[in-house]
Amino acid sequence: MSTIPIEVQDHNPHHSAPPGIKRWLLTTNHKDIGTLYLWFSLLMFLLGGSMAMGIRAELFKPGLQFFEPHFFNQLTTMHGLIMIFGAVMPAFVGLANWMLPIMIGAPDMALPRMNNWSFWILPFAFTLLISTLFMKGGAPDFGWTAYAPLSTTYGPKSTDFFIFSIHLMGISSIMGAINIIATILNLRAPSMTLMKMPIFVWTWLITAFLLIAVMPILAGAVTMMLMDRNFGTSFFNAAGGGDPVMYQHIFWFFGHPEVYIMILPSFGIMSEIIPTFSRKRLFGYPSMVYATCSIAFLSFLVWAHHMFTTGMPVIGEIYFMLATMLIAVPTGVKIFNWVATMFRGSLSFETPMLFAVAFLIMFTMGGFSGLMLAIVPADFQYHDTYFVVAHFHYVLVPGAIFGIMAAVYYWLPKWTGHYYSEHLSKVHFWLSAISINVLFFPMHFLGLAGMPRRIPDYALEFADFNRIASIGGFVFGASQLIFLYIIIKTIRGGEKAPALVWEGANGLEWTLSSPPPYHSFSTPPLVP
């Protein structure tokens, strides 16, 4: 077996882009579009994070400090929407744009003009969403889930703009997913069969199918909201024969696969980084592929575990409880395989590997609290408390955000041609990893003690844990400025990185193949 050549000759006629701003507006180059996605997601990450800082500042002590309850709920809604649809998803699409063609030996994405369009929809969508903060009556204040009747009967006028922005985001996601599927299925190098693809490519192929399956469901839900608000229908209005709980069913049939859309690409990133810094072939490659497919399939069968308290029949509660526990099995297989890859490997702990190890530990913690929430009688106690907030932030921040950061540190030298400061990047890692636990771990205790979520004021007995969480939040937020500085400094210059990025620094060969071929660390890759 031989490795996949890292450098693909660029024969795409579109790649002689014009200079200046026109280059970025008109580009069809997958690397440029990947860069645009990544910068956009970083901007949204900092904006959504600043909103989280506002939330934690308000919750630093009991009483109303800075915000009225109405504006506090607008902040929580916008924070959730911006982080999910503006930070995490565009970052993963950016990584896919940059790396997929290189990994499969393709000259570019299959549909380069649509690729450009799918990105440039996003700034308009989020400008529309953020503009609702400045409208009369304020931004949507019903949480990112937009439950009826809060969003239909009682939602502010700006809700219609929120619905339109969701439609635009969905169009962008669907176009990006079609492009990724077309690229992977049609443009692979001749010798690359599906079971020879890097795991990152596999996870994105499955994620793209999930996106195409679920984004129209969200579009349907918000369209029914629009009809209820403006055209006299009663889809979710009980007075007209509708059912507000139906909205929850439709939303979570989108929402639960969406959770895996935000984590599967991270699984692929871990499956590239851990073998590289363990100097070992990925353990159980086929089982990783099948586990990813199983997770995607099962994600459609567990949506109502978000709805145990809505009064569903006991048989329904039992089914969703057992199905939710079942989805932990393929996830556990993946965790086991990553640990087995590291076992007796020649480990080195550069920054990408540190983020990967932190991902393994904290994502597993989030998974265990998810299993606690899957148990129906217990969920009745945890539901709508800060325990739920702790659970999904333990899954999404170390899961999705740390996965993205690990990928950036792993591939940044390849993208820029320069090494970043290893010292500064480790400072960023340790500040982030410690502060994230200081921020979210106390929330488990707040939830178990009964503190409800989405409230700006609270009883005195919750004050100490909230103060600790807020301090952790401020440190985590400030540490991301170091991340921004590292990225800009690396782009502008630094130690030159060779073609085999990790070979030059640490005796590691840059390999895109997972599993990498046997003995690939002692022989150079073939060149075309």
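Is Phe-336 buried or exposed? Phe-336 is exposed, because its relative accessible area is 51%.

This is a predicted model: local features need pLDDT of at least 70, side-chain atom pairs count only at pLDDT 80 or more, and totals for chains, interfaces and linings use all residues. Residues are numbered from 1 along each chain as its sequence is written, and side-chain values use heavy atoms, without hydrogens and water.

**View 1. Phe-336 sits in helix α10 (residues 314-342).** Buried means under 20% relative accessible area, exposed over 50%, partly exposed in between (1.4 Å probe, protein chains only). Helices are DSSP runs of H or I, at least four residues, numbered from the N terminus. Gly-284 is 52 residues from Phe-336 in sequence and 9.6 Å from it in space, C-alpha to C-alpha.

**View 2. The largest nonpolar core has 168 residues.** Such a core joins buried Ala, Val, Leu, Ile, Met, Phe, Trp, Tyr and Cys residues through side-chain atoms within 4.5 Å. Phe-85, Phe-126, Trp-204 and Trp-338 have the most contacts inside it. Helix α3 (residues 69-104) gives the most, with 22 residues. Another core, of five residues, lies apart; Leu-373 and Tyr-382 are among them.

**View 3. Phe-126 and its contacts.** Contact means heavy atoms within 4.5 Å. Leaving aside neighbours within four places in sequence, Phe-126 touches residues including Phe-40, Met-44, Phe-85 and Met-169.

**View 4. Phe-465 lies in helix α15.** Phe-465 counts as partly exposed because its relative accessibility is 33%.

Methods. Helix = DSSP H or I, 4+ residues; strand = E, 2+ residues; numbered from the N terminus.
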